[in-house]
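Subject: Structure for your review

Dear colleague,

Please find below the structure that I am handing over to you. I would be grateful if you kept it open while reading the notes that come after it.

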Amino acid sequence: MRKFLEIINTLDRRWIFVFIGLAVSLPLFFPIGIKFSVSHPVQGFYHTIEKIPDGSKILMSCDFDPGSMPELYPMTITALEQMFRKDLKVIITCLWPAGPPLVERALAHVGAEYNKQKGIDYVHLGFKEGKEVVMVSMGASIPNTFPTDYHGTPVSEIPIMQGVTNYREVAMLVNISAGYPGTKEWVQQVQSRYQIDIVSGCTAVSAPEYYPYYQTGQLKGLLGGMKGAAEYEKLVGIMGLGTRGMDAQSVSHLMVFAFILIGNLAYFILKFMKRKESV
Amino acid sequence: MRKEVPLIITFLAGAFFIADYFIPHKDFSDIAQRINGWTIIVIAFAYVLGVANVARVNLDYIQRKGKDTPYKIVLLICLLFMMTVGIIWGIGEGTIFDWLFINVYTSMQAMMFALLAFYIASAAFRAFRIRSVQASLLAITAVLVMIGRVPIGEAIWKDFSNFSEWIMNVPQLAGKRAILIGAALGAISTGLKVLVGLERTHLGQD
């Protein structure tokens with residue numbers, strides 16, 4: 001018994017890796033379909049977009065790269081679905097250098113599904129270095145900050161960009177954020193200064209940082225990680241990557257909990273045994 | 001003059017952009033916009049310097065024949081290759097650059113991120129030992145949030161996600177807001193010190 005507990009107490013981490021690997025992969029092959037409800041921050045995200053009049057122009061900043069793709073790509077796809085269904089005109093920017101190819105991929109996927117035309121229903125302005133400076137610069141002039149789109153077409157020749165000068169001409173900002181620069185900077189540099197409504201989709205690890213902004217109303221909605229993406233998919237009514245990942249995330253979280261519990265039990269029983277022996 | 005001129009430039013630039021925040025006048029915004037444009041160009045040049053620096057540091061290492069030389073060679077070859085295909089054939093959809101980005105870079109970065117799941121599980125197993133009151137609070141809260149933020153929490157207890165949300169909205173938020181306000185006050189104070197020349201580390205001296 002004691003030897004077994006000592007093995008548990010000093011368990012080789014490779015065993016933990018094996019169990020976590022199984023906990024993540026098995027539910028992907030054999031879905032359980034656990035039901036879940038939609039939280040308030042996610043409802044806020046959905047309803048803020050839903051309240052925008054059909055046909056309005058929306059600014060979307062996709063500030064992420066492939067590292068956070070599993071969490072943020074599903075919500076990017078779903079946000080585009082919701083916006084295209086409402087016939088909103090989407091102007092997309094990137095403040096992360098590796099973001100544009102992912103945006104192109106998302107637009108190719110969702111744009112084709114809704115028969116949306118490049119330059120008329122959406123435009124991808126690509127990446128611009130400068131972080132907060134770019135955000136502030138867009139407040140003065142979006143065409144001056146992004147003179148061409150991702151493919152090199154001058155913005156003056158793009159129909160959707162006609163009449164767009166700065167934040168005043170867009171109904172709201174949808175930000176998909178993996179860190180810096182991202183939601184925090186958009187709130188600090190743009191929301192407080194130009195009074196534009198912002199909703200954010202972010203990684204689970206950075207969601208706690210944005211809760212203060214959600215509570216103060218500086219963020220109208222918040223999607224935190226894959227769970228947020230799954231709840232959002234439920235509201236939009238699609239079965240996407242977020243929902244499909246929920247079973248794997250549930251089982252792996254349960255597995256981590258089991259490891260914490262077993263580790264503590266072994267630790268305490270061993271401690272009790274040692275104390276008993278010393279007495 | 002070597003000290004005074006940079007300090008004057010710092011003060012004028014800082015004061016101008018603080019004023020720009022509060023003065024919504026078109027002429028003033030136009031000047032700010034022009035300076036922002038210069039800033040973006042200067043930052044873009046930093047990328048060129050960055051690439052040159054990566055090349056220089058790694059070439060030095062290769063010349064010294066350190067133990068990681070093969071990795072440095074791979075890094076430089078990949079850097080040059082991606083730059084070459086991007087410049088010659090473009091970076092749009094369907095190009096070689098795009099194919100490599102989606103099929104190599106994306107997969108590798110996703111793999112690095114996915115590794116976190118394994119390391120977090122291993123770290124949680126060792127770190128969340130209930131050795132003190134503080135450690136107990138940390139472990140219990142972590143478990144409640146962890147289970148409450150996935151659907152299985154609701155399957156166990158229907159209000160689990162509401163309870164987890166309460167933890168996020170009340171105790172977590174109180175702590176986070178305190179940190180945010182503290183950091184903001186610190187940033188304001190450091191900013192003022194830089195503007196008036198009391199803080200000079202950006203000039204390369206204490």
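This is a predicted model: local features need pLDDT of at least 70, side-chain atom pairs count only at pLDDT 80 or more; totals for chains, interfaces and linings use all residues.

Residues are numbered from 1 along each chain as its sequence is written, and chains are lettered from A and ligands numbered from 1 in the order in which they are written.

Domains of chain A

The domain assignment, which is automatic or taken from a database, divides chain A into domain 1 (2-30 + 246-278) and domain 2 (40-239). Taken over C-alpha atoms, the centres of these two domains of chain A are 40 Å apart.

Helices (H or I, at least four residues) and strands (E, at least two) are DSSP runs, numbered from the N terminus. Helix α4 of chain A covers residues 69-85, 17 residues in total. From its first C-alpha to its last it reaches 23 Å, close to the 24 Å expected at 1.5 Å a residue; the expected span is 1.5 Å times one less than the number of residues. A residue is buried if 20 or more other C-beta atoms, placed from the backbone, lie within 10 Å of its own, exposed if 12 or fewer, and partly exposed in between. Because 15 of its 17 residues are buried, α4(A) is largely enclosed by the rest of the structure.

A:Asp87 follows α4(A) and lies in the loop between α4 and β2 (89-94) of chain A. Its phi is positive, about 60°, although A:Asp87 is not a glycine. A:Asp87 has 13 C-beta neighbours inside 10 Å and so counts as partly exposed.

Two further backbone features

Most residues other than glycine have a negative phi, and most peptide bonds are trans. A:Asn115, in the loop between α5 and β3 (122-127) of chain A, has a positive phi of about 55° and is not a glycine. With 8 C-beta neighbours inside 10 Å, A:Asn115 counts as exposed. A cis peptide bond, with omega about -10°, joins A:Tyr180 and A:Pro181. A:Pro181 is placed in the loop between β4 (173-177) and α8 (183-194) of chain A.

Where chains A and B meet

Two residues are in contact if their C-beta atoms, placed from the backbone, lie within 7 Å. The contact takes 51 residues from chain A and 50 residues from chain B. On the side of chain A that touches chain B, the largest share, 13 residues, comes from α11(A).

One helix pair joins the two chains: the axes of α2 (residues 13-29) of chain A and α4 (residues 96-127) of chain B come within 9 Å and cross at roughly 125°. Axes are lines fitted to C-alpha atoms, for helices over the stretch in contact, and angles run from 0 to 180 degrees between N-to-C directions. That angle makes α2(A) oblique to α4(B); angles under 35 degrees count as roughly parallel, over 145 as roughly antiparallel, 65 to 115 as roughly perpendicular and the rest as oblique. Among the residues of α2(A) that meet α4(B) are A:Phe17 and A:Ile20, and those in α4(B) include B:Phe118 and B:Phe125.

Yours sincerely
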